[in-house]
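Hi everyone, thanks for making time this morning. I'd like to walk you through two spots in one structure, so please have the sequence and the model open.

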Amino acid sequence: MSKLPETLRDNVRLLGELLGENILEHEGPKLYKKIEEIRALSKSISSCENNDPGPLVKLLGELEDKDILPIVRAFNQFLNLANIADMHYFSSSAAEDNDAIDALLSEISNEKGKDAVIKLMEELKIDLVLTAHPTEVTRRTLIRKYEQISNSLTDRSRADLLTYEGDKTEGKLHRFIEEIWHTNEIRETRPSAEDEARWGFAVVENSLWQAVPDFIRHFDRLARRRLGRPLAMDIQPFQFFSWMGGDRDGNPNVTSEVTQRVILMGRWKAADLYLNDIIQIGGDLSMHAASDELFAAIGKTSATPYRDLLHALRDKLKATKAWTQDTLDGRLLPEPENIIHSRDELLQPLLLCYRSLREKGFHCIANGPVSDCIRRVYAFGINLVPLDIRQDSDRHVDVLDELSLYLGFGSYRDWSEDKRQAFLLEQLSGKRPLLPHNWSPSPEVNEVLNTCRVIASQPRETLSHYVISMAKQASDVLAVVLLLKECGVKWKMPVVPLFETLDDLDRGPSVMNQLWQMHWYQRYAGDNQTVMIGYSDSAKDAGKFAATWAQYKTQEKLVSLAEQYEVNLVLFHGRGGTVGRGGGPVEKAMASQPPGSVKARIRVTEQGEMIRYKFGQPRMAYRSLSNYVAATIRATVNPSPGPKEAWRELSEEMANAGLQGYRNIVRGHEKFVAYFRSLTPEQELNKLALGSRPAKRRASGGVESLRAIPWVFAWTQVRLNLPGWLGTLEAITYAREKSPEVLDEMLRHWPFFSSFIDLLEMVLGKADAGICSNYEELLVEPELRDLGEKLRSDLISLSQEINKLKNQDTLLQGNPMLQQNLNVRKPYIDPLNYLQAELLKRERKSGEISPELEQALKVTMAGIAAGMRNTG
């Protein structure tokens, strides 16, 4: 069996030992001995061929109530510490990514020529959209402490450490773990939308603010060394955006007022960070030699020309901070002239300094903090993360229906699509206002209109796209454009349809074809269009394989249509953290895209806990940015081949078989809803206060109204991982029986399919039918258990099918690092699962449990999420 790399193994052992010392010191030898007994037994069971959990379940069942909370806290914290060691190890190997990009550029240069590579590097645009989906279980207080532990591991790895420095570092690690042990790991209150936005700003401040210029600096060095020339200063390989405070889809807590405050908060934080940079740069630029252009700008001869030039910018940033803070505090003052309104106001003095320094031969100084700040301005703008606004299409229909009834036009909702389009185009082409001054709309409709008014009132650069979730028709796009116009938006805000369900994905190309045929819309959108592909809801609607194939086909058709209309299409990928919601390694995701769908430009959501895993620390962020660049360049220059006709035909038939298999269970099985609700902690997840958004789009409704995140979270907790694989057994079985040779060819030669199988194997490798069976035994009524037996049997059969397909004996045979990671975590996750099932049983039987046991239940949820490395 493969072992973890020595450094990673040593750090996992060290952090585990320090945690044990803390528990021994603060909880006493009796509890420490009990924890060690559970861990040792769980480890021995995990490593046995006959892994009968009976002795472990019996041992856990004999625990005194007072010991359960500290025991689950111990296992939870070990899993968090193992994750820290993981992240530290992979961030420390970032040099591998540098070498990978260097080798890739060399390869492309030999094929395409140096000019083509420079052009590609300068055209690269990767938009990363930070979203506040409620999947981040860990409190921000603990996240900061985990970052301190990671930094201490970096310090400890230095080769030049003196003995006292090593002792000091180990002492700090012990202190941080002691602080963690005495900190409540569960939030007491649900975060507000503004809290979520603050967390997003903190990721920029603490990590991306440093990682982005660091990466671009290295990218530029590669161009100089490999291609013989520098990159342009205005390159924007990365821009960052946010849904935090802008995403109101099904979230009544995100109001127009919240959106306005979040924009102001972003402007304050951006001004604060830029001000710190400008103060530092002013201190650095003490030289007196400057260009005539710079002296002309300050209007005088000076011994400190650079500082004089930057003095005005410093004052503007201070004024921006003061005005935004006054406004946030409720002092409603007019927006003054002497504050930052646009990116150019930041760039012009900085670029002038840069040009002057280079003209005077100060090249190293020019390429230092001045360049870093310029690159930050291009990446983060005037509010760090310009907001997308997202709203459900039906909310716009509500506005127009209420308005049309008031005006005596009849019910907009009852109109045909053709009639809706005709009405909307007439209003968009006309000059007369549509909204009556004396109209008093309902509160829900007024909120939609107020959001559009906020868009109109804010600097254009603080906003990005308007995303329409559950978009179904061309009228959904036109409706948003009309509402923006009526509310005073003067600029052509890009409107993005989000196609989410299977039917909507199938209909998406037809919708865009209609829009691109409209002369009015062509004038509005110009040559650019962003279309968002929904991964979460399509998988929940149709099952993983049918949804993945539908997403691929939709993207293919959209790319072809965009080329036909000469439109620059950007595909916006709404991926989650889990495979069930479109997650997975970025390299596999990019390699599996249809040919022609990347073209050096992508837009992707980064959600929940994945933001912390990818971007929470500067070195990890650097590595993640490297991965995105390498994958995007490779997908642009050497896109994966499209499917052969035989592959396409078989995939279509597999999708139909998978869709039927999935829906026969989720929609067609009379016991499914009752089984889901009794087996999983779906109802109890609300105890975790994960995010500002409700778990359901509608207060009433069953599984169909449940959001994809809690849907995936619930199945992950019981280790069945159903959303990531249900329906796939039927798809693969069908293919094996009909065309085994074609199936094998698809796996060997089609990255789309091989990536799907690799991700499916990861889902199956994290599942555990035995753990799930224990939940069923404790929580599910006997008359429902035949469904559970079928699902677990399908899980095992699918695992066997994957092993046959990949010609291997066990799952993850080709990914020993992941397998060993899972093996290390299993002795800690399993006891949490068994205790969670027991606590759920007690609570449901009596209607309540003690506060200590309820806290223990919540900790098990957080611990399992940490151990599985994702929630929703």
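Let's begin with strand β8, residues 601-607, where six of the seven residues are buried, so we are looking at a mostly covered strand. Before we go on, please keep in mind that this is a predicted model.

Which strands does β8 pair with? One partner is β1, residues 125-131, and the two run parallel, with seven bridges between them. If you'd like a pair to click on, take Thr131, whose bridge partner in β8 is Gln607. Another partner is β7, residues 568-574, also parallel to β8 and joined to it by two bridges. Over here, Val604 of β8 has His573 standing opposite.

Now for the helices. Please find α15, residues 393-406, and α18, residues 474-486: their axes come within 10 Å of each other and cross at roughly 60°. Is that parallel, perpendicular or oblique? Roughly perpendicular only starts at 65 degrees, and roughly parallel means under 35, which is why α15 counts as oblique to α18. As for handedness, α15 passes α18 in a left-handed crossing.

And who makes the contact? From α15 we have Ser393, His396, Val397, Val399 and Leu400, and from α18 there are Asp476, Ala479, Val480, Leu482 and Leu483.

Note on methods: Residues are numbered from 1 along each chain as its sequence is written. This is a predicted model: local features need pLDDT of at least 70, side-chain atom pairs count only at pLDDT 80 or more; totals for chains, interfaces and linings use all residues. Side-chain values use heavy atoms; hydrogens and water are left out. Buried means under 20% relative accessible area, exposed over 50%, partly exposed in between (1.4 Å probe, protein chains only). Helices (H or I, at least four residues) and strands (E, at least two) are DSSP runs, numbered from the N terminus. Two strands pair if DSSP finds at least two bridges between them. Axes are lines fitted to C-alpha atoms, for helices over the stretch in contact, and angles run from 0 to 180 degrees between N-to-C directions. Angles under 35 degrees count as roughly parallel, over 145 as roughly antiparallel, 65 to 115 as roughly perpendicular and the rest as oblique. A crossing is left-handed if the near helix is turned anticlockwise from the far one by less than a right angle, and right-handed if clockwise. Contact means heavy atoms within 4.5 Å.
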